Amino acid sequence: MRFGILGQTRAWHGDGREVPLGGPARRRLLASLLESAGEVVSADRLADEVNPGEAPSAHALQSQVSRLRTALGSAATIERAGAGYRIVVPRDDVDAFRFERLAREGRAALREEDAERAVALLREALALWRGPALADLTDSPAAVRLEELRLTALEDRVESELRLGGHRALVPELRELVGRHPLRERLTGLLMRALFAEGG
């Protein structure tokens with residue numbers, strides 16, 4: 001089973017069929033477990049996510065955990081552990097962790113002057129994004145961290161494509177990116193390099 005938290009929380013069977021997760025409370029619960037896959041998440045925190053703005057309810061949390069276990073079946077195990085729960089899934093089955101691995105490998109390839117491999121890895125990493133990270137959760141520090149990693153991977157991909165001579169095609173994209181992120185000095189520098197290489 002594959003899981004997506006780079007956008008709305010989703011899950012897919014191995015054959016590509018989407019798993020019906022149910023309503024927003026169950027999506028928030030799954031997102032909270034997946035952002036810390038393999039680690040224990042406190043029941044208090046999960047209860048807050050299941051019913052944001054309301055008094056934490058252990059009963060409501062247990063009910064949602066039970067329904068989520070039924071929806072996921074044997075493909076993922078949700079364990080009670082100490083004062084919380086954890087989901088046991090291979091980290092590479094979660095798009096956020098797969099993105100981080102591919103982005104790391106892409107950056108390493110860029111450092112090793114293998115721009116073609118870097119472009120392939122970074123494009124694969126960025127293609128995993130379907131919207132804002134952890135879109136079902138509110139005020140998640142992990143979402144801020146993932147967005148920063150996405151922008152860094154985007155910069156690495158542009159850097160790799162510039163090294164392969166793709167400056168002309170990159171200028172419009174870079175102009176748009178600099179307009180959206182005017183304080184990112186690296187993007188501005190990449191735009192200047194692309195314009196210089198183009199002669200403009």
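Colleague: How do the axes of helix α6 and α7 cross?

Modeller: Two packed helices are described by the angle between their axes and the distance between the axes. In this predicted model, the axes of helix α6 (residues 141-163) and α7 come within 10 Å and cross at roughly 155°. Axes are lines fitted to C-alpha atoms, for helices over the stretch in contact, with angles from 0 to 180 degrees between N-to-C directions. Helices are DSSP runs of H or I, at least four residues, and strands are runs of E, at least two, numbered from the N terminus. α6 and α7 are therefore roughly antiparallel to each other (over 145 degrees).

Colleague: Which residues of α6 and α7 make the contact?

Modeller: From α6 come L154, R157, V158, E161 and L162, and from α7 H167, L170, E173, L174 and L177. Contact means heavy atoms within 4.5 Å.

Colleague: Is G179 buried or exposed?

Modeller: G179, found in helix α7 (residues 167-180), is exposed, with a relative accessible area of 59%. Exposed means over 50% relative accessible area, with a 1.4 Å probe and protein chains only.

Colleague: In what order do the 3 strands form the open sheet?

Modeller: Strands of a sheet pair through backbone hydrogen bonds, either parallel or antiparallel. Here the order is β3-β5-β4, with antiparallel pairing. The edge strands, β3 (41-42) and β4 (77-81), each pair on one side only. β4 pairs with strand β5 (residues 84-88) over 5 bridges; two strands pair if DSSP finds at least two bridges between them. The bridge partner of E79 in β5 is R86.

Colleague: What are the ground rules?

Modeller: Residues are numbered from 1 along each chain as its sequence is written, and side-chain values use heavy atoms, leaving out hydrogens and water. Local features need pLDDT of at least 70, side-chain atom pairs count only at pLDDT 80 or more, and totals for chains, interfaces and linings use all residues.

Notes:
Buried < 20%, exposed > 50% of the residue type's maximum accessible area, 1.4 Å probe, protein only. Parallel < 35°, antiparallel > 145°, perpendicular 65-115°, else oblique.
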